[in-house]
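Biologist: I have a structure on screen and would like to learn how to read it. Can we go feature by feature?

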Amino acid sequence: MENRLVFPQDFKWGAATASYQIEGAAHEDGKGLSIWDTFSHTPGKTLHGDTGDVACDHYHRFASDVKIMADLGLQAYRFSISWPRIFPDGTGEVNEAGLDFYRRLVDEVLEHGIKPAATLYHWDLPQALEDQGGWLNRATSSYFADYARVIGEALGDRLENIITLNEPWVSSFIGYTTGHHAPGKQDLGDGVIAAHHLLLGHGLAVESLRGVAKSCEVGITVNLSVAIPATSSELDVKAASRHDDQLDRWFLDPVLKGQYPAGLLKEYVSLVGDDFIHEGDMTTINADIDFLGINYYTRNIVAARKQPHEPWTRQTSLGDFSDVDDVTPHAAPRTTKEWPIDPDGLHDLLVWVSKNYGAIPLYVTENGAAFIDYVDQSGSVHDSERVDYLQGHFAAAHRALEEGVNLRGYFVWSLFDNFEWADGYSQRFGLVFIDYHTQERIMKDSAHWYKLVISENAIDQP
Ligand code: FCB
């Protein structure tokens, strides 16, 4: 049918979550503290002082949660492993009880015919490592590789995909430069150094996984968006490209080409020196990977600043570390995160990545939206905005597929409403509604719609 968009036969439909956002059980079975435990318990850091102490209580409810996944017809499930459950001190002794939780989860997922994809680092660094400098300490990269080996040994025979890092741009520049996320540092130079150590950790982890998890596909997930210049003026075009250097190329170039973008590297080096990059690092970071995971939510329209920016210092924070201005398109409707809804941005991004980085298999590892959801008197959640959002983005991905982009699958963010970092529980991204008082799960309309999409492997043209 002409107005049906059919996806490739082996296209994988999934949903994603992350440990700190859903598990709860913050102190159970020997788990150590993570930087998010510390951060969320620090007054003023999260909305209403919300923490992930209980979250969706998934740690205790994982078996019934997997039934919900099966009911949805999910073909793949992306979750993350909490490093401090495995290594309460970040390194040293393995906590078998923590590892057991993920063994049971993975078995349960597999028993329901769902393919598990595990992220090793979705931002919950062991606090014990933060106490030694966190990602500013080069040793953290090696500890991460040790942790990767332990996961590879324990679960490598059963996991379909392993994703080393989730969104290193956020971990570094939001964690160490703007301070909006844990560990809450505010220093541009720290962001640069943390980013390098995260990437190094990725490369070292790929090396350790290759030895022990031979049947897994190994990759990394990055948050990307290709900016639109506000006008065709040379200055705006340059500003947009610079935005892409900071957000996209700063991570993609090292991982896929073994080098940092030269212009921006020069600027960062003039700020922090270059001793943080050791000989051989770029080769390590450039380790062969099997796929690239892309998280996409929105994109920016970017204009050159009217006023030149202040010279960068180590204390420069995110608003100033870019010499571009973001101009949000007025016309586009927004989600409750204030993110403009721009499905074409996903199409353009997928095409851009393929054009610039070759035929590497791609997954959309996160895409979704927060809206005001509520349970009505009949007990339903009518989230038609989310259905529209997803339909628009699936159609954009379909268009990219038709143009030859090597996209293998799509994970909706998120399976459940959950702890949305500094926004606490105020942003509901789930296909499944969570009543945080009773822990009741309710499939929203979008979940019922997604179930149909998966079973038909097709959508209506929006
Ligand atoms: C991404 C994160 C994910 C979630 C979504 C909304 O940046 O990876 O955990 O918070 O945003």
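**Reading cavities, ligand and backbone**

Modeller: We start with the largest cavity. Its lining residues divide into three nonpolar, five polar and five charged. Bear in mind that this is a predicted model.

Biologist: How many cavities of 30 Å³ or more does a search of the whole structure find?

Modeller: First the general idea. Rolling a probe the size of a water molecule over the atoms shows where empty space is left. Here the search finds three cavities of 30 Å³ or more. The largest holds about 80 Å³ of space. Thirteen is the count of its lining residues, and Tyr 20, Glu 23, Gly 24, Lys 31 and Arg 85 are the closest to its centre. Two elements give two or more residues to that lining: helix H1 (19-22) and helix H4 (83-86).

Biologist: What is the volume of the second largest cavity, and which residues line it?

Modeller: Its volume is about 60 Å³. The lining includes Ile 35, Trp 36, Tyr 121, Trp 123 and Trp 135. Val 170, Ser 171, Gly 175 and Tyr 176 also belong to the lining, as do His 181, Ala 182 and Pro 183. Helix H2 (35-40) and H8 are the elements that give two or more residues. H8 has the largest share, with four.

Biologist: H8 keeps coming up. How do I read a helix like that?

Modeller: Start with the geometry. An α-helix has 3.6 residues a turn, so residues three or four places apart point the same way. Then check burial along the helix. Among the buried residues are Trp 169, Phe 173, Ile 174 and Thr 178. Just after H8, Gly 179 takes a positive phi of about 80 degrees.

Biologist: Now the ligand. Which residues are around it?

Modeller: The shell has Gln 21, His 122, Trp 123, Asn 166, Glu 167 and Asn 295. It also has Tyr 297, Glu 366, Trp 413, Glu 420, Trp 421 and Phe 429. By class, that is five nonpolar, four polar and three charged residues.

Biologist: Where does Asn 166 lie, and is it buried or exposed?

Modeller: Asn 166 lies in strand E5, residues 161-166. Its relative accessibility is 1%, so Asn 166 counts as buried. Its side chain also makes a polar contact with the side chain of Arg 78, at 2.9 Å.

Biologist: What should I look for in the backbone?

Modeller: Look for exceptions. Most residues other than glycine have a negative phi, and most peptide bonds are trans. Ala 25 is not a glycine, yet it has a positive phi of about 45 degrees. Ala 25 is found in the loop between H1 and H2. With 6% relative accessibility, Ala 25 counts as buried. Asp 57 also has a positive phi, about 50 degrees. The place of Asp 57 is the loop between H2 and helix H3 (58-72). Asp 57 is buried too, at 13% relative accessibility.

Biologist: Which peptide bonds are cis?

Modeller: One joins Ala 182 and Pro 183, with omega about 5 degrees. Pro 183 sits in the loop between H8 and H9. Another runs from Trp 413 to Ser 414, with omega near 10 degrees. Trp 413 is one of the residues around the ligand.

Terms used:
Residues numbered from 1 in each chain as written. Predicted model: local features only at pLDDT ≥ 70, side-chain atom pairs only at ≥ 80, totals over all residues. Heavy atoms only, no water. Near = heavy atom within 4 Å. Nonpolar A, V, L, I, M, F, W, Y, C, P; charged D, E, K, R; others polar. Buried < 20%, exposed > 50% of the residue type's maximum accessible area, 1.4 Å probe, protein only. 1 Å grid on protein atoms, 1.4 Å probe; cavity = no way out; pocket = protein on both sides within 12 Å on 5 of 7 lines; lining within 4 Å. Points joined across faces, edges and corners; volume = space filled by probe spheres on them. Polar contact = N/O pair within 3.5 Å; in protein donor to acceptor, adjacent residues only side chain to side chain.
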